[in-house]
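Here is a short briefing on one protein chain. Look over the sequence and the 3D view before reading the points.

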Amino acid sequence: MWSSKHLAFLFHIPRVKPLDHLVSPFRALFSTHIVGDEPILVRDFVHSALYDPKHGYFSQRSRSVGVLERSIKFNQLEGRKAYMKHLDKIYKDSDIAWFTPVELFKPWYAHGIAESILRTANLSVPLKIYEIGGGSGTCAKGIMDYIMLNAPPRVYNNMTYISVEISPSLAEIQRETVGEVRSHLSKFRVECRDATNRSGWGDVQQQPCWVIMLEVLDNLPHDLIYSKDQSSPWMEVWVERQHDRGTLGELYKPLQDSLIRHCFEILDLDKRQTTQSSVLSKAKSIWSKVFPKPRRCWLPTGCLKLLEVLHGVLPKMSLIASDFSYLPDVRILGERAPLVSTKKDGRSSDYSSYLDAKGDADIFFPTDFLLLERIDHYCSGWLKLNKDQSSKQGKKRRTIILDTSSFMEEFGLPTKTRTKDGYNPLLDDFKNTKFYLSVPTHNIK
């Protein structure tokens, strides 16, 4: 029987091969590899645990992202029970840790995204699409298939699709997947690099383009800030090796890092404190001393860095992002805390501390979509971190947040993922995911 937690992560099952229980000596080694003699920020710890070229989680698990041999024929399944049984068989028959929604619902998921682009894009200029973290290439192929079949021939013939992929093994899989249609190859390329590194993008590109990010935000590094009670100032958290050299601990410093400070100001945490009356502030101070309650807050600094780079180099981009809006059963403490999950002997288990993730566990975060919108407006140059709060030009972005079901009902073909009794896993099971759409307005310098 599937639990609610299993339902929530049908497309994000912890990405670990079942042989992880054989590599325990590596974990102690990697602990010292991530954190040396000097402390590092939490975001650097998370980045190393996930992306280190030799020992990082994704580098070690090239087969963690699966490609279905054939599309699921939902209209031949009786209902939910039959779908779950079919899905269980797919996982058991494959040496794959997880399948993305674009894979489970291919080609219909990608077709919905393609339709949203065609309805919104200015097709009088060549269509250019970037995908950050393209996984198995199924999204790219699905979008290109749809445009080839549904758009005017000149749109397909003149289009460019660029995948920015940090994993060399996944980059090769993408080339193979897209290459199944020969005409796609002249329009598609993979750039194997870190999308958050500004130098990899080259010169600023003024032409309109689209950027797609599916399940990317959840694995971007975050920072952590800490306060010992309700009235004490926030401190940035660093990770350091303990004196026994075998374990890791936290070190707290005043807010100094510029990326943390910018993210903190966008979140507006300090405003909640400064706008209180003096009487209320004194009462809160007394209360915090009598009943001290530590506070922990995770900041999406990796998202902020990525959007700063994207807005800087692609000022006229339109953005489509999809990710988790919340995660159930998280054991890590703090607002917007991640789920840190590994698999041992074929069974998934969650860690209660992010410090236990040493290259053997997936670390993924929920996305606060309203905060994402504020970061987007800030990086576009419209939202200012001062008293004015915004520029006088007016918003530079038009944005909308949609549940996955609402997005697919608007742009997709929901009948294609419906079973015989009316159950539709794409619309019914993905209650903890949303789409974020952001397009430029005319208010651009």
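The points below go from the whole chain down to single residues.

This is a predicted model. The chain has 445 residues, and 55% of them count as buried. It holds 17 helices and 15 strands.

**The chain as a whole**

- The accessible surface of the chain is about 20,500 Å². Carbon and sulfur atoms account for 53% of that surface.
- Take the contacts between residues at least 6 apart in sequence: 77% of them join residues at least 24 apart.

**Nonpolar cores**

- The largest nonpolar core has 52 residues.
- Which residues have the most contacts inside this core? They are Y83, I113, I129, I143, I147 and Y161.
- I129 gives a view of the packing. Leaving out residues up to four places away in sequence, I129 touches I117, I143, I147, M159, T160, Y161, I162, W210 and I212.
- A second, separate core has 45 residues, including M213, L299, L307 and V309.

**Helix α8**

- Helix α8 covers residues 138-150, which makes 13 residues.
- Does its length fit the rule for a helix, or where does it depart? At 1.5 Å a residue, α8 should span 18 Å. Its end C-alpha atoms are 18 Å apart, so the two values agree.
- Is α8 mostly covered or mostly open? It is mostly covered, with 10 of its 13 residues buried.
- The buried residues of α8 are T138, C139, A140, K141, G142, I143, M144, D145, Y146 and I147.

**The cavity**

- Rolling a probe the size of a water molecule over the atoms shows where empty space is left.
- The count comes to one cavity of 30 Å³ or more.
- How much space lies in the largest cavity? The value is about 110 Å³.
- Its lining is made of L217, H222, P300, C303, R336, F365, P366, T367, D368, L371, L372 and I375.
- Helix α15 (residues 369-379) gives the largest share of this lining, three residues.

**A buried loop residue**

- N219 sits in the loop between β5 (209-214) and β6 (223-227).
- Is N219 buried or exposed? Its relative accessible area is 3%, and buried means under 20%, so N219 is buried.
- N219 and D362 are 143 residues apart along the chain, yet their C-alpha atoms are separated by 8.3 Å.

**Backbone exceptions**

- Most residues other than glycine have a negative phi, and most peptide bonds are trans.
- The peptide bond from K106 to P107 is cis, with omega near 0°. P107 lies in the loop between α6 (101-104) and α7 (108-120).
- D329 has a positive phi, near 60°. This residue is in the loop between β10 (317-324) and β11 (339-344).
- R336 also has a positive phi, near 60°. R336 is in the loop between β10 and β11 too.
- R336 has 11% relative accessibility, so R336 counts as buried. R336 is also one of the residues lining the largest cavity.

Terms used
Residues are numbered from 1 along each chain as its sequence is written. This is a predicted model: local features need pLDDT of at least 70, side-chain atom pairs count only at pLDDT 80 or more; totals for chains, interfaces and linings use all residues. Side-chain values use heavy atoms; hydrogens and water are left out. A nonpolar core is a set of buried Ala, Val, Leu, Ile, Met, Phe, Trp, Tyr and Cys residues joined through side-chain atoms within 4.5 Å. Buried means under 20% relative accessible area, exposed over 50%, partly exposed in between (1.4 Å probe, protein chains only). Contact means heavy atoms within 4.5 Å. Helices (H or I, at least four residues) and strands (E, at least two) are DSSP runs, numbered from the N terminus. Accessible areas come from the Shrake-Rupley method with a 1.4 Å probe; for residues, only the protein chains shown count as cover. The expected span of a helix is 1.5 Å times one less than its number of residues. On a 1 Å grid over the protein atoms alone, a cavity is a set of points where a 1.4 Å probe fits but cannot get out, and a pocket is an open set with protein on both sides within 12 Å along at least five of seven lines; lining residues have an atom within 4 Å of a point. Grid points are joined across faces, edges and corners, and a volume is the space filled by probe spheres set on the points.
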